[in-house]
Amino acid sequence: MIAVLKRNASQEDKNKVIEIIRGENFEVHPIQGVEKTVVGVLGDPARRSNLKEKLQTLGAVEKVVLISDPYKLTSWNFKQQKTVIDLGDGVKVGGPELTVMAGPCSVENRDQIIETAKIVKAGGAQILRGGAFKPRTSPYSFQGLGEEGLKLMAEAREETGLKIVTELMDVEHIDVVCKYTDIIQIGARNMQNYSLLKEIGKLDKPVMLKRGMAATIKEWLLAAEYVMNNGNHDVILCERGVRTFGEETRNTMDLSSIPLVQQLSHLPVIADPSHGTGRWELVTPVARAAVAVGADGIMVEVHPDPQNALSDGPQSLKPKNFQLMMDEINAISKSLHNFETKERKIAYA
């Protein structure tokens, strides 16, 4: 449930509310809104009625609302303002401007990552993507450069000013990945690795959670709950397609999930048409569609020489095609913003 405090509630009032909640052995998740403070409460449903009665007697509490949704912290009931994740230097995810993450599937060498970083920076991307630890279906495929790849990405950041997003595969690599990256990516294979989600929930580092290959929307949001329930509320959701019976594309890009999740959750949602299709010629059309249905950002793979890429060459855009995609999605985003007069949030009828 949530306790909504009155607009004039003092810090002493807030501390009193939190003290009572913790005294009843419930978890506390305070959110400071623009005008009011909302305190999220998680714990034993059988004991919440007693706590609700105690909170309602406090003069600083405007109302107490029970949340029936299985996902509590990710829902609009918990937070009435859209989550905007500030990475610093004017780079935000979830704000009014479209966010673009671009770069190679894998960091292969210094020349490749520096060249690609300069290309995507010139094209208008704000965040450099690249894998240092790669989860591959075959044990014989390129597994990534490890920490050396992270160092090369950090060097690319120094040269271009781009922020970095890279994948964390297991608990063992948390410290080294956090040392170099600005956003921790949790891949589709690890979306339901709950022990890993709990650990990154303890970090003060934004997390991008990709939808699992066979995950429902409910399972996806509940995976985000694992992160948020452990204290980290800077979560980005990434739609990257689901596995179906189709063989013509790598996955089936579920564009409908983007506006649906926007209805259910305050978290920003970005789209990954590279993994969603697996074919470079489909990336730009699907990116256009994702922006049109309301995605907060786009994540694509870009490589200066896709034919010789060590991984995911067939779905990587060449520099020229990346620039064309950027021109098109920016035009669509600008057109949409011309019609929007308030924050993008679909209210229930």
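Colleague: Is the crossing of α7 and α8 left-handed or right-handed?

Modeller: The crossing of α7 and α8 is right-handed, meaning that the near helix is turned clockwise from the far one by less than a right angle. This is a predicted model, in which local features need pLDDT of at least 70 and side-chain atom pairs count only at pLDDT 80 or more, while totals for chains, interfaces and linings use all residues. Residues are numbered from 1 along each chain as its sequence is written, and side-chain values use heavy atoms, with hydrogens and water left out.

Colleague: Which residues make the contact?

Modeller: I217, W220 and L221 of α7 meet S257, L260, V261 and L264 of α8, where contact means heavy atoms within 4.5 Å. By class, the contact has six nonpolar residues, one polar and no charged. Here Ala, Val, Leu, Ile, Met, Phe, Trp, Tyr, Cys and Pro count as nonpolar, Asp, Glu, Lys and Arg as charged, and the others, Gly among them, as polar.

Colleague: And at what angle do α7 and α8 pack?

Modeller: Helix α7 (residues 217-229) and helix α8 (residues 257-264) pack at about 55°, with their axes 11 Å apart. The axes are lines fitted to C-alpha atoms, for helices over the stretch in contact, and angles run from 0 to 180 degrees between N-to-C directions. The two helices are therefore oblique to each other; under 35 degrees counts as roughly parallel, over 145 as roughly antiparallel, 65 to 115 as roughly perpendicular and the rest as oblique. Helices (H or I, at least four residues) and strands (E, at least two) are DSSP runs, numbered from the N terminus.

Colleague: Turning to the strands, which ones form the closed barrel?

Modeller: The closed barrel has eight strands in the order β7-β8-β9-β10-β11-β12-β13-β14, with parallel pairing. Two strands pair if DSSP finds at least two bridges between them. Neighbouring strands of this sheet are turned by 25° against each other on average, direction ignored.

Colleague: How many bridges do β11 and β12 share?

Modeller: Strand β11 (residues 207-210) pairs with β12 over four bridges, in the parallel sense. The bridge partner of K210 in β12 is C238.

Colleague: Why is β12 described as largely enclosed?

Modeller: Five of the five residues of β12 (residues 235-239) are buried, so the strand is largely enclosed by the rest of the structure. Buried means under 20% relative accessible area, exposed over 50% and partly exposed in between, with a 1.4 Å probe and protein chains only. Both faces are covered, with V235, L237 and E239 buried on one side and I236 and C238 buried on the other.

Colleague: What about Q185: buried or exposed?

Modeller: Q185 counts as buried, at 5% relative accessibility. Q185 lies in strand β10 (residues 183-186). Leaving aside residues up to four places away in sequence, Q185 touches V165, T166, E167, L168, M208, K210 and M299.

Colleague: Now the open sheet. What is its strand order?

Modeller: The order of its four strands is β2-β3-β1-β4, with antiparallel pairing. β2 and β4 (61-65) stand at the edges with a single partner strand each, so one side of each is left without a neighbour in the sheet. The twist averages 20° from one strand to the next.

Colleague: Which helix packs on that sheet?

Modeller: Helix α1 (residues 11-23) packs there, touching β1, β2, β3 and β4, and its direction makes about 155° with that of β2.
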